[in-house]
Amino acid sequence: MRFAWLLAFGLACVSAVPPAAACSCSRPSIRSALEDAVLVADMRVLEVRPLDDALLPGQYLLYRVERIYKAPPTIAEGDVVWVYHQTCNSMGYEPSEVGGRLIWFMWMRRGQLVHHYCSTSLQSSAPTPHVLLESRSRWLARRR
């Protein structure tokens, strides 16, 4: 009887604990990510700043826009922009990553540039996919 009571108590305790949220991502194709993004650019990290709000999982990153593949008319190469980076658990940027570069696919939320831990990103040093080179050509043509 005592064992049954302990077993029931243990099961009740386990079922009362909320399940852990996993950080899993499904990656769209580069073409699909490009179509959905507002800004696709090679970005250099200049500063990593934690959020003041402990309830929001994220941080602010200051980037310099190095090379644009797709962008709204208000953003140019060489601009410095703040981006909200939504993190998952401990997948945030570290201050040691200042100076690093990635090609990020970003969107806007409430007037703020955003990328997420699951957002598409590519290594800046890797060969640039053809679909991005085509997009850059279109972006350059619109600037003339």
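The structure is a predicted model, in which local features need pLDDT of at least 70 and side-chain atom pairs count only at pLDDT 80 or more, while totals for chains, interfaces and linings use all residues. Residues are numbered from 1 along each chain as its sequence is written, and side-chain values use heavy atoms, with hydrogens and water left out. The chain has three helices and six strands; helices (H or I, at least four residues) and strands (E, at least two) are DSSP runs, numbered from the N terminus.

**Overall organisation**

- From the N terminus on, the elements follow the order α-α-β-β-β-β-β-β-α.
- Of the 144 residues in the chain, 33% are buried; buried means under 20% relative accessible area, exposed over 50%, and partly exposed in between (1.4 Å probe, protein chains only).
- Among the contacts in the chain with a separation of 6 or more, 63% are between residues 24 or more positions apart; a contact means heavy atoms within 4.5 Å.

**Strand pairing**

- Strands β1 and β2 pair in the antiparallel sense over ten bridges, and V45 has Y63 in β2 as its bridge partner. Two strands pair if DSSP finds at least two bridges between them.
- Strands β1 and β4 are also antiparallel, with six bridges. Here V40 has F105 in β4 as its bridge partner, and A41 stands opposite W104 in β4.
- Strand β4 is joined to β6 by three bridges, and the two run antiparallel; I103 stands opposite L122 in β6.
- Three bridges likewise join β4 to β5 in the antiparallel sense, with R109 opposite Q112 in β5.
- The strands β4 and β5 form a hairpin with two residues between them, and R110 in the turn has a positive phi of about 55°.

**Nonpolar cores**

- The largest nonpolar core holds 18 residues, of which L39, M43, Y63 and M106 touch the most other members. A nonpolar core is a set of buried Ala, Val, Leu, Ile, Met, Phe, Trp, Tyr and Cys residues joined through side-chain atoms within 4.5 Å.
- At least two residues of this core come from each of β1, β2, β3 (80-86) and β4, and β1 gives the most, with five residues.
- Not counting residues up to four places away in sequence, M106 touches A37, V38, L39, M43, Y63, V83, L113, V114 and H115.
- Another core, of nine residues, lies apart from the largest one and has V40, Y69, I103 and V131 among its members.
- In soluble globular proteins, nonpolar side chains tend to be buried together.

**Helix α3**

- Helix α3 (residues 130-143) has 14 residues and reaches 20 Å from its first C-alpha to its last, close to the 20 Å expected at 1.5 Å a residue. The expected span is 1.5 Å times one less than the number of residues.
- The buried residues of α3 are V131, L132, S135, R136 and W139. Seen down the axis of α3, these residues fall within an arc of 140°, so they line one face of the helix; the arc is that of the directions from the helix axis to the C-beta atoms.
- An α-helix has 3.6 residues a turn, so residues three or four places apart point the same way.
- The cover over the buried residues of α3 includes α2 (30-36), β1 (39-50), β2 (58-70), β4 (101-109) and β6 (121-123).

**Residue R67**

- R67 is found in strand β2 and counts as partly exposed because its relative accessibility is 34%.
- Leaving aside neighbours within four places in sequence, R67 is in contact with V40, A41, D42, E77 and R136.
- The side chain of R67 makes a polar contact with the side chain of Y69 (3.3 Å). A polar contact is a pair of N or O atoms within 3.5 Å; within protein, one must be able to donate a hydrogen and the other to accept it, and residues adjacent in sequence count only if both atoms are side-chain atoms.
- R67 and I103 are 36 residues apart along the chain, and their C-alpha atoms are separated by 8.6 Å.

**Residue T120**

- T120 lies in the loop between β5 (112-116) and β6 and counts as buried because its relative accessibility is 9%.
- Leaving aside neighbours within four places in sequence, T120 is in contact with R27, P28, I30, A33, I103, W104 and F105.
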